[in-house]
Each structure stands twice: as structure tokens, then as C-alpha cells.
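This briefing concerns the fold presented below.

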Amino acid sequence: MELGYWIGRPFWGRGYMPEALDATLGYAFDTLHKDAVWGGHYVENSQSGRVMTKCGMKTVFESKHDYFGLINEYHDDVFRIITEDRWRVA
Ligand SMILES: CC(C)(COP(=O)(O)OP(=O)(O)OC[C@H]1O[C@@H](n2cnc3c(N)ncnc32)[C@H](O)[C@@H]1OP(=O)(O)O)[C@@H](O)C(=O)NCCC(=O)NCCS
């Protein structure tokens, strides 16, 4: 499963998204029985990377100059993943 998230600017920095992501990972593994969940973020979006890191997601690769057709922009990206067995021991 791929994940993505967005929270309103007035609510940033209160730990809401790690809590929501933790609950989402629990749903993905306990209810949907998925093997793994992955997500990506722009390299410069360190706060999004922090959210995934707080929830145990590990970097698997970085990609340069990816094209996003809907917004007609190029970005470098980081991709992170957590597997079901790793979630169990975290
Ligand atoms: C990324 C996002 C979901 C983080 O959610 P959150 O609930 O603020 O997460 P946290 O409270 O755990 O903060 C995460 C990190 O963001 C940083 N941060 C917090 N408030 C910030 C602010 N006002 N400005 C910049 N960075 C901030 C901190 O470094 C924090 O890490 P720390 O706890 O180790 O200090 C939120 O910033 C957001 O919705 N951004 C816009 C959409 C987006 O970027 N989505 C992800 C696309 S891949």
C-alpha cells in the first residue's frame, strides 16, 4: 500500500500526523493484512520524512529529477517503507 498525508498548517508540529500514521499502519497490517506500506516525499520536505521516521519507516531509495505531470514540476524524492514484521517489533 502507498500512503500520503496532509494536515492543515495551524496544526503542524503537534505530533498529530505521526499519531494518525501509526493508527493507519495498524489498520493496514492488523485489519487489511498488508505485507508492507510505502510512501515518498520531496527531499526538501524534511518534516514529512520525520513523520515516517518516527513511525519506523526506513529509506529504501532516493530518486532524482522525477517529473510530476499534474503540477509540471521536477523534484528529487525519498522513498520509505515499513514491512509487517518490522511493524510488529517496533
Ligand atoms: C508533513 C506533515 C504532515 C507533518 O505533520 P505534523 O503533524 O506537523 O508532524 P509532527 O508534529 O510530528 O512534526 C514533524 C516534524 O515537522 C517539523 N515541524 C513541525 N512544525 C513545523 C513548522 N511549523 N514548520 C516547519 N517544520 C515543522 C519538525 O521538525 C517535526 O519534527 P520533530 O518533532 O522531530 O521536531 C505536515 O507538515 C503537512 O501536512 N505538510 C504539508 C503536506 C505535506 O508535506 N505532506 C506530505 C507530502 S509527502
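**Helix packing and overview**

Helix α2 lies across β1 and β3, and it runs at about 160 degrees to β1. Axes here are lines fitted to C-alpha atoms, for helices over the stretch in contact, and angles run from 0 to 180 degrees between N-to-C directions. Helices (H or I, at least four residues) and strands (E, at least two) are DSSP runs, numbered from the N terminus. The model is predicted: local features need pLDDT of at least 70, side-chain atom pairs count only at pLDDT 80 or more, and totals for chains, interfaces and linings use all residues. Residues are numbered from 1 along each chain as its sequence is written, and side-chain values use heavy atoms, with hydrogens and water left out.

**Sheet**

- An open sheet of 3 strands has the order β1-β3-β2, with antiparallel pairing; two strands pair if DSSP finds at least two bridges between them.
- The edge strands, β1 and β2 (58-68), each pair on one side only.
- From one strand to the next, the twist averages 25 degrees.
- Strands β1 (residues 36-42) and β3 (residues 73-83) are joined in the antiparallel sense over 7 bridges.
- Within β3, Ile81 is the bridge partner of Trp38, and Thr83 is that of Ala36.
- The covered face of β1 consists of Val37, Gly39 and His41, while Ala36, Trp38, Gly40 and Tyr42 form its uncovered face.
- Helix α1 also lies across β1 and β3, running at about 150 degrees to β1.

**Nonpolar core**

- A nonpolar core is a set of buried Ala, Val, Leu, Ile, Met, Phe, Trp, Tyr and Cys residues joined through side-chain atoms within 4.5 Å; buried means under 20% relative accessible area, exposed over 50%, and partly exposed in between (1.4 Å probe, protein chains only).
- The largest nonpolar core has 13 residues, of which Leu3, Leu21, Leu25, Phe29, Val37, Met57 and Ile82 touch the most other members.
- Two or more residues of this core come from each of α1 (16-31) and α2 (46-54), and α1 gives the most, with 5 residues.
- Leaving aside neighbours within four places in sequence, Leu3 is in contact (heavy atoms within 4.5 Å) with Leu21, Leu25, Val37, Trp38, Gly39, Met52 and Met57.

**Chain start**

- Met1 is found in the segment before α1, and it counts as partly exposed because its relative accessibility is 40%.
- Not counting residues up to four places away in sequence, Met1 touches Ala28, Leu32, Lys34, Ala36, Val37 and Trp38.
- Met1 and Arg14 are 13 residues apart in sequence and 26 Å apart in space, C-alpha to C-alpha.
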